[in-house]
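Look at the model below before reading on. The paragraphs that follow go from the whole chain to single residues.

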Amino acid sequence: MTAGLTVAVTGARGYLGRALVEALARDERVGSVVAIDVHPPRPGADTPPKARAVACDVRDPRLAEALEDTDVLVHLAWRVLGVGRDAWSVNVDGSHNAFETALGAGARTIIHASSAAAYGCSPDNPVPIPEDRPLRPVPAFYYPQTKVAVEQILDRLEQAHPEARIVRMRPVTILGPGAPIGPRIFPTLWDFDPLMQFVSMADVVRAFIAALPSGDGDAAPAGAFNLGAPGPVLSSAVAGLLGLRRVRLPYRFARAAARAGAALRLPGALNPGWVDMGRYPIVVDTARAERELGWRASGDCTAALTSFAGQRATSSTPSTSPRPSTPSTPSTPTEAAQ
């Protein structure tokens, strides 16, 4: 490992991808970073030292060339605003292709950005949820369905490739530049007020870095790791902590409006499943990440929210949100680059 690890990142231009590529380029264990995204770099955009940008869809056979001699694949590419077959094609088929191609190219570590949404949003969710909780694609729409389907692919790959180390990160809602919240209002449901859990972008990046192979011969941790800050807050309190205006919507009205907008394919329309996810808490137990990765959130949820509000207030650049806010959705998307 004298030349350093070659780490490939899919979804490298997403809001998590950009921050992670920069952190990887600074890490002494990393020799080079292959920043893969379906969109080519913007003209004049700076590329971090040790990083090379590659424009490629994760479903494209040419991905094999980009992943040649890769040691680690960090898979972030995901279609958040998808519908039906499109979402399944990118999220499930594209993920499967990325995993198989990386393993075929010699990668021995896969770090996948899953989501706490894979646990499902249900009234019987325990608080907090441990990693051994069965995954449930509820409510029944593409986002949790494809998250669970990809984790099932990883289950099969672990059996077929025992030599490979597979890590699944399951973050809750990530707060950082470009996060899909705001810009002026925070909708919540009138008739539901679940606990919501958040985690800062910087903390999530630290967790991914902590999951890299150590190179000292010790066995590195594998499996699933929940990521979230302690001290979840009620959805009714989030708007005030963010400095946004809270808009309260009756659940039936919000769902009917989302369903109509999706049926009419209106700009910015969302699957009504996002409204369903605003009813119940998804709060995760992070003890395993603390114990095995040495990772701990730098502050509680209130601190993460107020820090994010401060970042937004001092930024002169409008948010590049991949989707508008939805009514108090626990565990919003982790990545939207693909």
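Cys121 counts as buried because its relative accessibility is 5%, where buried means under 20% relative accessible area, exposed over 50% and partly exposed in between (1.4 Å probe, protein chains only). Cys56 counts as buried too, since its relative accessibility is 3%. The structure holds 0 disulfides, a disulfide being a pair of cysteine sulfur atoms within 2.5 Å. Cys121 is in no disulfide, and the nearest cysteine sulfur, that of Cys301, is 16 Å away.

This is a predicted model, in which local features need pLDDT of at least 70 and side-chain atom pairs count only at pLDDT 80 or more, while totals for chains, interfaces and linings use all residues. Residues are numbered from 1 along each chain as its sequence is written, and side-chain values use heavy atoms, with hydrogens and water left out.

The protein chain has 10 helices and 13 strands; helices (H or I, at least four residues) and strands (E, at least two) are DSSP runs, numbered from the N terminus. Its radius of gyration is 19 Å, close to the 20 Å that the globule rule gives for 338 residues, so the chain is as compact as a globular protein of that length. That radius is taken over C-alpha atoms, and the rule is 2.2 Å times the number of residues to the power 0.38. The C-alpha trace spans about 55 × 45 × 40 Å along its principal axes. Of the 338 residues, 54% count as buried. Among contacts with a separation of 6 or more, 82% come from residues 24 or more positions apart, contact meaning heavy atoms within 4.5 Å.

Which residues touch the most other members of the largest nonpolar core? They are Met169 and Phe208, in a core of 94 residues. A nonpolar core is a set of buried Ala, Val, Leu, Ile, Met, Phe, Trp, Tyr and Cys residues joined through side-chain atoms within 4.5 Å. Helix 4 (residues 142-160) gives the largest share of this core, 7 residues. Apart from it lies another core, of 5 residues, including Leu189 and Val275.

Not counting residues up to four places away in sequence, Phe208 touches Leu16, Leu20, Val74, Leu76, Ile111, Ala113 and Met169. Phe208 is one of the buried residues of helix 5. This helix (residues 201-210) is mostly covered, with 7 of its 10 residues buried. The buried residues of helix 1 (residues 15-26) include Leu16 and Leu20, and what covers the buried residues of helix 1 includes strand 1, strand 4 and helix 5.

In strand 4 (residues 72-75), Val72 and Val74 point one way and Leu73 and His75 the other way, and all are buried. Strand 4 pairs in the parallel sense with strand 1 (residues 5-10) over 4 bridges, and with strand 5 (residues 109-113), again in the parallel sense, over 4 bridges. Two strands pair if DSSP finds at least two bridges between them. His75 is the bridge partner of Thr10 and stands opposite His112 in strand 5.

Thr188 lies in strand 8 (residues 185-189). Thr188 is buried, with a relative accessible area of 0%. A polar contact of 3.1 Å joins its side chain to that of Arg246. Such a contact is a pair of N or O atoms within 3.5 Å; within protein, one must be able to donate a hydrogen and the other to accept it, and residues adjacent in sequence count only if both atoms are side-chain atoms.
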